[in-house]
Amino acid sequence: MRRLRSLPAALAAAATAVAALGLTALSSTPAQAATPLPAHVFAPYFESWTGESPAALSAQSGAKHLTMAFLQTATKGSCTAYWNGDTSLPVDTKSFGADIKTIQGRGGDVIPSFGGYTADTTGTEIADSCTDVDQIAAVYQKVITTYDVPRLDMDIEVDALDNTAGIDRRNKAIKKVQDWAASTGRKLEISYTLPTTTRGLAASGLALLRNAVTNGARVDVANIMTFDYYDNAQHDMAQDTKTAAQGLYDQLAKLYPAKTPAQLWGMIGVTEMPGVDDFGPAETFTLPNATTVYDWATAKGINTLSFWALQRDNGKCPGGGARDDCSGIEQGTWDFSRVFAPFTGGNTPPSDDFSLALSPPAATLKAGTSATSTLKTAVTAGGARTLDLSVSGAPAGVTASLSPASVTAGDTSTLTVSTTQAAVNGTYSLVVTATSPSAAHSTTYSLTITGGSGNQCTAAPWASGTVYTAGQQVSHKGHTWKAKWWTTGEEPGTTGQWGVWQDLGAC
């Protein structure tokens, strides 16, 4: 439960902290004190540029906590952060605010993450871009109070790891915000997400943590990315996670000699990449690897388990390489999430819970026809609560609806799926979600379409000579693509997972 401090006391404390830190006051009303994260938390990254709902995917996957990627400036030299550097997505409750409140209402939370590969290579990571420590701290404060979150993540890699001035500014700004949080009675954690070798942090990552110690900035979690080693070796990814984390533990023991072994392991986070990573098949993180890592992480008592990214947790591109939207291996949707989800500790199971299932769970339809399926619900704990139902994932030329759209747990609803001649051939996953005041669950309906007419792209075709900016969409080779940043001349489908074009799927 979130509790408000008394108005006069909160305003007085906030004014004192702002004056002391040299920060600009962000609001005339007091912020709520965020509920602390559990001591052990599974928080996969959510790619916030895809247009998907974090609350919906949280419910569907069972991941109650998400790491939201990424916050960065729109241009180098700016001191204003936006989600993905997209000026249409400012730090404001209108940008993901409702989704975040929904997640928090279910007993979960989000961890906003600054930086990421794109920002770190373009000078748009906030501390690389902005040279004013107070303005950087004000941005951090604004994110915390706008979304009422208990942790910020700093994803620092590639060029940003070599920017010593940016590293120093960032840690100074973190210290200012931590002082502000302490003065207002707010629990605030800071995590650093860093690349790693199979034996621990490279020299640049270790230097970043040393700078934090020098500046008095508390690092609560050192989260290592246990993938993309690029050492031309065949990898047992689970074993390499263990050795990388042990190396990090040894490094942290020297940086923080007063901490106990349990406290040191409690500072460690691990982020995997499900399936085939960017290097290729030699670095493939499998479901058995995930089980091994889960058991090890539980035994060691590390703080955070994560992976990049939630939208990859499916098997729709088996035999492929690293992509934003699938793992490249044979798997079921949300398989990795289900292995890691029990790692989260400190949450009370819902007193009133339910299950749901579709009968039948799949259909093959010729374009222009329709089918129905019965959604069955059942009470699994406590009493029967009202369930609000929704369905997502229908492609162009397909409509899907539930009748009734609200039921009491134990009752049924009918899913109706109708296709038109304009539907595109292929197999699609329609996700049916049921949400009660205390819980949320989902199930998947597999729809295969035959005899469709094909391309229904509505975005303008990509043109090699056109300049595109963040957020603009084009159509190319039967798919819709979204630009992550400024680009010209780069063909959609050729730039890879970390490239400028985000594949929004067939159209």
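User: Before we get to the sheets, what makes two strands count as a pair here?
Analyst: Two strands pair if DSSP finds at least two bridges between them. Keep in mind that this is a predicted model.

User: OK, so which strands make up the open sheet, and in what order?
Analyst: The open sheet has 5 strands in the order 14-21-20-16-18, with mixed pairing. Its edge strands are strand 14 (362-366) and strand 18 (406-408), each pairing on one side only. From one strand to the next, the twist averages 30°.

User: How do strand 16 and strand 18 run, parallel or antiparallel?
Analyst: Antiparallel: 3 bridges join strand 16 (residues 386-392) to strand 18. Within that pairing, Thr 386 stands opposite Thr 408 in strand 18.

User: Which strands does helix 2 lie across?
Analyst: Helix 2 (residues 54-61) lies across strand 16, strand 20 (426-435) and strand 21 (440-450). The helix runs at about 95° to strand 21.

User: Switching topic. What does strand 12 pair with?
Analyst: Strand 1 (residues 41-42) is one partner, parallel to strand 12 and joined to it by 2 bridges. There, Phe 42 stands opposite Leu 305. Strand 9 (residues 268-272) also pairs with strand 12 in the parallel sense, over 4 bridges. In that case Gly 269 is opposite Thr 304.

User: And the side chains of strand 12, are they buried or exposed?
Analyst: Buried, on both faces of the strand (residues 304-307). Thr 304 and Ser 306 are on one side, Leu 305 and Phe 307 on the other. In a regular strand, side chains alternate between the two faces of the sheet.

User: Now the cysteines. How many disulfides are there?
Analyst: The count comes to 2 disulfides. One joins Cys 79 to Cys 130, with an S to S distance of 2.0 Å. The other is formed by Cys 317 and Cys 326, whose sulfur atoms are 1.9 Å apart.

User: What does the Cys 79 and Cys 130 pair tie together?
Analyst: Cys 79 is in the loop between strand 3 (65-73) and strand 4 (81-83), and Cys 130 is in the loop between helix 5 (126-129) and helix 6 (133-147), so the pair links parts 51 residues apart in sequence. Cys 130 counts as buried because its relative accessibility is 0%, and the cut-off for buried is under 20%.

User: What about handedness?
Analyst: The S-S torsion is about 85° for Cys 79 and Cys 130, so that disulfide is right-handed. For Cys 317 and Cys 326 the torsion is about 110°, so that disulfide is right-handed too.

User: Are Cys 317 and Cys 326 buried or exposed?
Analyst: Both Cys 317 and Cys 326 are buried.

Terms used:
Residues numbered from 1 in each chain as written. Predicted model: local features only at pLDDT ≥ 70, side-chain atom pairs only at ≥ 80, totals over all residues. Heavy atoms only, no water. Buried < 20%, exposed > 50% of the residue type's maximum accessible area, 1.4 Å probe, protein only. Axes fitted to C-alpha atoms, helices over the stretch in contact; angles between N-to-C directions. Contact = heavy atoms within 4.5 Å. Disulfide = S-S within 2.5 Å.
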